[in-house]
Amino acid sequence: MDIMGKLHVRKDDKVQILAGKDKGKTGKVVTSFPKVGKVLVDGINMATKHKKPRKQGESGGIVKVAMPLAASKVMFVCPHCGKPTRVGRRKLNDGKSTRYCKKCGIEA
Ligand SMILES: [Zn+2]
């Protein structure tokens, strides 16, 4: 169905989280990883990493970093109607495709 493993969301899309500890939250896609079907969403799926001090005298600490999560766990939020929605694709004459919101029908 998807051409070349493209994801339904891409960089800078607003998405809502459908599952997991961040369920219901929204965030912006920072990076998408179509090959593995994952997306990195700003502020979502935060994991705690213990940072080791690099040099002597520097203190280690705990940093929070966002981890990629399965693209199937996020839903596109339409920038026009503001609703979480499925995206449709329209084929254009030049062979490219364009995405549109299945709720309001406006191109996304
Ligand atoms: Zn819409």
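This is a predicted model: local features need pLDDT of at least 70, side-chain atom pairs count only at pLDDT 80 or more; totals for chains, interfaces and linings use all residues.
1. Cys 78 and Cys 101 link distant parts of the chain, being 23 residues apart. Cys 78 sits in the loop between β7 (74-77) and β8 (84-85), whereas Cys 101 belongs to strand β10.

2. Are Cys 78 and Cys 101 buried or exposed? Cys 78 has a relative accessible area of 2% and is therefore buried; for Cys 101 the value is 0%, so this residue is buried too. The limit for buried is under 20%.

3. Second largest pocket. Its volume is about 240 Å³. The lining consists of 15 residues, and those nearest the centre are Lys 6, Arg 10, Arg 89, Ser 97 and Arg 99. By type, the lining divides into six charged, five nonpolar and four polar residues.

4. Strands in the pocket lining. β9 (87-91) and β10 (97-101) each contribute at least two residues to the lining of the second largest pocket. β10 gives the largest share, three residues.

5. Positive phi values. Most residues other than glycine have a negative phi. Asp 12, which is not a glycine, has a phi of about 75°. Asp 12 is placed in the segment before β1 (14-17) and counts as partly exposed, at 47% relative accessibility. Asn 45, also a residue other than glycine, has a positive phi near 60°.

6. Surroundings of Asn 45. Asn 45 lies in the loop between β3 (38-41) and β4 (46-51). With a relative accessible area of 23%, Asn 45 is partly exposed. Leaving aside residues up to four places away in sequence, Asn 45 touches Lys 21, Asp 22, Val 65, Ala 66, Met 67, Pro 68 and Leu 69. Asn 45 and Lys 102 are 57 residues apart in sequence, and their C-alpha atoms are 27 Å apart in space.

Conventions:
Residues are numbered from 1 along each chain as its sequence is written. Side-chain values use heavy atoms; hydrogens and water are left out. On a 1 Å grid over the protein atoms alone, a cavity is a set of points where a 1.4 Å probe fits but cannot get out, and a pocket is an open set with protein on both sides within 12 Å along at least five of seven lines; lining residues have an atom within 4 Å of a point. Grid points are joined across faces, edges and corners, and a volume is the space filled by probe spheres set on the points. Helices (H or I, at least four residues) and strands (E, at least two) are DSSP runs, numbered from the N terminus. Ala, Val, Leu, Ile, Met, Phe, Trp, Tyr, Cys and Pro count as nonpolar, Asp, Glu, Lys and Arg as charged, and the others, Gly among them, as polar. Buried means under 20% relative accessible area, exposed over 50%, partly exposed in between (1.4 Å probe, protein chains only). Contact means heavy atoms within 4.5 Å.
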